[in-house]
Amino acid sequence: MARRLEDARILMYSHDTFGLGHLRRCRAIAHALVEDYRGLNILIISGATIAGAFDYRARVDFVKIPSVIKLRNGEYTSMAGHIDLHETLKMREASIRHTAETFQPDIFIVDKEPMGLKGEVEETLGYLKARGTVLVLGLREIMDAPHLLDAEWKRNGIMQKIDHYYDSVWVYGPPDFYDPLVGLDVPPSVRRKMDFVGFLQRSVSTSKTSINARSDNYILVTTGGGGDGSDLVHDVMNAYENDPTLQQKALVVLGPYMPAAERSKLVAKGSRIPYIEVIEFDNHMEELMVGATGVVAMGGYNTYCEILSFDKPALIVPRVKPREEQLLRAQRASALGLVDMLLPDQSADPTVMSEALKRLPERVPPSKSDCSLQLQGLDHISQTVGHWLDGRGRHLSVVGAE
């Protein structure tokens, strides 16, 4: 049963400079909330170049701000080559502030970057705090290696700012999997605001059908956004080229951010291998995941939640720089028996990769490991939001399903 709210509003911010992770996480939360609460409207501010390529449910919309690209070395550059980064950031900052002033949200949820990209959200946080909006920081269960995160946050006084602005810090994972602020000096006042909501469970839409959906026995190879995924795809293809006995069908999804030169190279390479089909992008990845007998991935947050939600045997080859987030997640999940893991240098050995691919379909799914999975994140968030909005005089009444 859904509950009705009288004109409640939630604004979400997703800086999205590299990949799809932040936008897909915000979208999953937004869709779960509008399903649970009629009369709730959600607006997502996103810098993702392909924010418009996804479907949004009724009462969920997005505002696109100018895109900024994160380079492999961790630096940023403006998407539009003729506009400098400083001007792009000024436009983004003004758009965010203007959207907040016009939309007047009850709750503002910021994904991962506490003050936004280069501090672009701080002014808006100050404005919304003064008018009583509930301010929430949402953190992945793993942010980065502690020494890297600590240095980055200390440079910008982030911990003090989190303490000053935010009412709550949601951690999108269970407390016994990982603590995103491990190794940092966290004031008790910030600890008290932290709520480990659990992993964000995923589901497949009943109404939409992926044009790439298939019913044969295949493994899915996905690199998320694909911006730095070409090495993994090359490794998989090299294994097939090297081992004629590897005859497991594979569906390779390159991702929308894979550089054009790499993309065409891999499409050509894949076309020479009879067991491999290569596609560029699918905005219904959940359907492809559900149909697969196993998954090969880099192990970003969303892919990991899908592997757990759909209970798929998985082989993870994590990115190891500039951030160590995927490496730490893969190591922890592997230690708990949830996934198999290869480091990039192991993955690059065609014999090692071939053996791992052959083992994958026979691997036990995550649910058969000794680790109890907590995939209650969306339910937990929904209860919390309902409680807050009820407390703000937004009347809640139960209504039947539409």
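Me: Where is the place of Glu-280, and what makes Glu-280 count as partly exposed?

Reply: The place of Glu-280 is in the loop between β12 (276-279) and α9 (285-291), in a model that is predicted. Its relative accessibility is 40%, and since buried means under 20% and exposed means over 50%, a value in between is called partly exposed; Glu-280 therefore counts as partly exposed. Along the chain Glu-280 and Arg-263 are 17 residues apart, while their C-alpha atoms are separated by 8.0 Å.

Me: Why is Ser-354 called buried, and with which side chain does the side chain of Ser-354 make a polar contact?

Reply: Ser-354, whose place is in helix α13 (residues 350-359), has a relative accessible area of 1%, and because buried means under 20%, Ser-354 is called buried. The side chain of Ser-354 makes its polar contact with the side chain of Asp-243, at 2.6 Å, and a polar contact asks for a pair of N or O atoms within 3.5 Å.

Me: Why is the pair of Phe-177 and Phe-199 called edge-to-face?

Reply: The structure holds 7 aromatic pairs, and in the pair of Phe-177 and Phe-199 the ring centres are 5.2 Å apart, with the planes at 75°. Rings pair if their centres lie within 6.5 Å, and planes over 60 degrees apart count as edge-to-face, so this pair is edge-to-face. Phe-177 lies in the loop between β8 (168-172) and α6 (188-193), and Phe-199 in the loop between β9 (194-196) and β10 (218-222), so the pair ties together parts that are 22 residues apart in sequence. Both of these residues, Phe-177 and Phe-199, are buried.

Me: How do you know that Phe-199 and Tyr-304 form an aromatic pair, and what does that pair tie together?

Reply: From centre to centre the rings of Phe-199 and Tyr-304 are 5.5 Å apart, with 75° between the planes; the cut-offs are again centres within 6.5 Å and planes over 60 degrees apart, and the pair is edge-to-face. Phe-199 lies in the loop between β9 and β10 and Tyr-304 in helix α10 (residues 301-309), so the pair ties together parts that are 105 residues apart in sequence. Phe-199 has a relative accessible area of 3% and Tyr-304 a relative accessibility of 2%, and as buried means under 20%, Phe-199 is buried and Tyr-304 counts as buried. Phe-177, Phe-199, Tyr-301 and Tyr-304 form one aromatic cluster.

Me: What lies over the face of Phe-177?

Reply: Arg-332 lies over the face of Phe-177, at 5.9 Å from the ring centre, and the cut-off for that distance is within 6 Å, taken from CZ of Arg.

Me: How many cavities of 30 Å³ or more does a search of the whole structure find, and which residues line the second largest cavity?

Reply: The search finds 2 cavities. The second largest cavity has a volume of about 30 Å³ and is lined by Gly-299, Tyr-304, Ile-316, Gln-326, Arg-329, Ala-330, Ala-333 and Val-339. Helix α11 (residues 325-335) gives the largest share of that lining, 4 residues, and by class the lining divides into 5 nonpolar, 2 polar and 1 charged.

Me: Which helix gives the most to the lining of the largest cavity?

Reply: Helix α4 (residues 146-155) gives the most, with 3 residues. About 50 Å³ of space lies in the largest cavity, whose lining residues include Lys-112, Arg-140, Trp-153 and Arg-323, and the lining has 4 nonpolar, no polar and 5 charged residues.

Definitions and conventions
Residues numbered from 1 in each chain as written. Predicted model: local features only at pLDDT ≥ 70, side-chain atom pairs only at ≥ 80, totals over all residues. Heavy atoms only, no water. Phe/Tyr/Trp six-rings, centres within 6.5 Å; stacked < 30°, edge-to-face > 60°. Helix = DSSP H or I, 4+ residues; strand = E, 2+ residues; numbered from the N terminus. Buried < 20%, exposed > 50% of the residue type's maximum accessible area, 1.4 Å probe, protein only. Lys NZ or Arg CZ within 6 Å of the ring centre and 35° of its normal. 1 Å grid on protein atoms, 1.4 Å probe; cavity = no way out; pocket = protein on both sides within 12 Å on 5 of 7 lines; lining within 4 Å. Points joined across faces, edges and corners; volume = space filled by probe spheres on them. Nonpolar A, V, L, I, M, F, W, Y, C, P; charged D, E, K, R; others polar. Polar contact = N/O pair within 3.5 Å; in protein donor to acceptor, adjacent residues only side chain to side chain.
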